[in-house]
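Please look over the sequence and the structure before reading on.

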Amino acid sequence: LGTTEETLNSTLDKLGTTEETLNSTLDKLGTTEKALNSTLDKLGTTEETLNSTLDKLGTTEKALNSTLDKLGTTEETLNSTLDKLGTTEETLNSTLDKLGTTEETLNSTLDKLGTTEETLNSTLAELQKTEKVLETEIAQHNGTAEELETCSDRLFDTRSQLKAARKFENISRWDVLYTEPFYNRVFTDELYVQLTSSWTMLRKLVGVNITDGVVSHFQKYHVESMCDVLGNLPSGWGMLRKFVGVGMTDGLVDHFIEAHAGSECENNTES
């Protein structure tokens with residue numbers, strides 16, 4: 001009986017040591033459980049996996065408490081239980097490692113997202129600058145369009161004036177000054193020579209009735225350059241030399257038409 005009592009005492013001591021080990025393990029498991037819960041909260045791991053693990057740990061804890069209360073559980077069962085707990089701890093550690101890897105992946109993704117956000121902000125800034133440049137160019141374009149419209153109106157008015165000037169009762173030798181080489185341009189020596197040279201080709205038409213067909217012929221076949229039609233005019237243009245270097249404006253042409261129309265059929269007349 002004494003030996004048996006000693007054996008029982010030894011067994012109780014071992015069981016006490018085992019109980020402390022189990023309690024320590026349970027404390028570690030509790031700490032691990034808190035760490036897991038914190039990690040799962042941050043990383044969004046599902047609650048079902050942790051609850052299942054906690055249920056298993058709770059069942060294991062109840063089994064161990066029952067074993068300690070009965071004191072009849074063999075050391076092998078305790079060792080087996082400890083082995084199972086060790087396996088569970090390894091599983092938990094493996095899970096923590098995987099969660100750590102997941103956290104690193106998330107952090108890397110967040111870094112990439114931050115870089116992408118910076119790139120987007122930079123792109124938006126460039127787009128805003130481009131938008132301002134486009135607004136400026138559009139404003140300039142609108143201004144140019146207005147100027148073109150104004151020029152178009154002036155051209156229309158000029159064409160209307162030319163059309164009216166071509167009527168038989170309004171025809172003047174000065175109407176040529178409304179044409180492109182002269183109108184709104186500075187009158188030069190070259191233009192003066194063009195105006196004062198003779199129309200030698202017209203001598204071939206002496207005795208010919210000047211009809212629409214004849215005029216159309218000149219307009220169609222003798223306009224390779226403005227000099228062919230406008231450069232060889234009758235004499236009597238000597239007065240124009242006084243206006244070399246002067247811009248040929250509406251006022252100036254109107255002056256010639258109004259003040260010098262009486263001599264348009266006379267040759268070598270200077271006013």
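A patch is built from residues with over 30% relative accessible area and no salt bridge, where like charges are joined within 9 Å and nonpolar side chains (Val, Leu, Ile, Met, Phe, Trp, Tyr) within 5 Å. A salt bridge here is a side-chain nitrogen of Lys or Arg within 4 Å of a carboxyl oxygen of Asp or Glu. Lys and Arg are counted as positive, Asp and Glu as negative, while His and the chain ends are not counted. Each charge is placed at NZ of Lys, CZ of Arg, CG of Asp or CD of Glu. Accessible areas come from the Shrake-Rupley method with a 1.4 Å probe, and for residues only the protein chains shown count as cover.

The model is a predicted one, in which local features need pLDDT of at least 70 and side-chain atom pairs count only at pLDDT 80 or more, whereas totals for chains, interfaces and linings use all residues. Residues are numbered from 1 along each chain as its sequence is written, and side-chain values use heavy atoms, with hydrogens and water left out.

**Overall make-up.** The protein has 7 helices and 0 strands. Helices (H or I, at least four residues) and strands (E, at least two) are DSSP runs, numbered from the N terminus. Of its 271 residues, 22% count as buried. Buried means under 20% relative accessible area, exposed means over 50%, and partly exposed lies in between (1.4 Å probe, protein chains only).

**Surface.** A patch of negative charge on the surface brings together Glu 146, Glu 147, Glu 149, Asp 153 and Asp 157. Asp 157 belongs to helix α3, residues 75-165. With a relative accessible area of 42%, Asp 157 is partly exposed. Asn 184 sits in the loop between α3 and α4 (189-196). Asn 184 is exposed because its relative accessibility is 56%. Its phi is near 60°, a positive value in a residue other than glycine.

**Core.** A nonpolar core is a set of buried Ala, Val, Leu, Ile, Met, Phe, Trp, Tyr and Cys residues joined through side-chain atoms within 4.5 Å. The largest one has 13 residues, and Leu 22, Leu 29, Leu 64, Leu 78, Leu 85 and Leu 99 touch the most other members. Helices α1 (2-43), α2 (47-70) and α3 each supply at least two residues of this core. The largest share, 7 residues, comes from α1. In soluble globular proteins, nonpolar side chains tend to be buried together.

**Pairs apart in sequence.** Leu 36 lies in helix α1 and is buried at 5% relative accessibility. Thr 25, also placed in helix α1, is buried at 18%. Leu 85 is part of helix α3 and is buried, with a relative accessible area of 5%. The table gives the separations.

| Pair | Apart in sequence | C-alpha to C-alpha |
|---|---|---|
| Leu 36 and Leu 96 | 60 residues | 7.3 Å |
| Leu 85 and Thr 25 | 60 residues | 8.3 Å |
| Thr 25 and Glu 89 | 64 residues | 9.3 Å |
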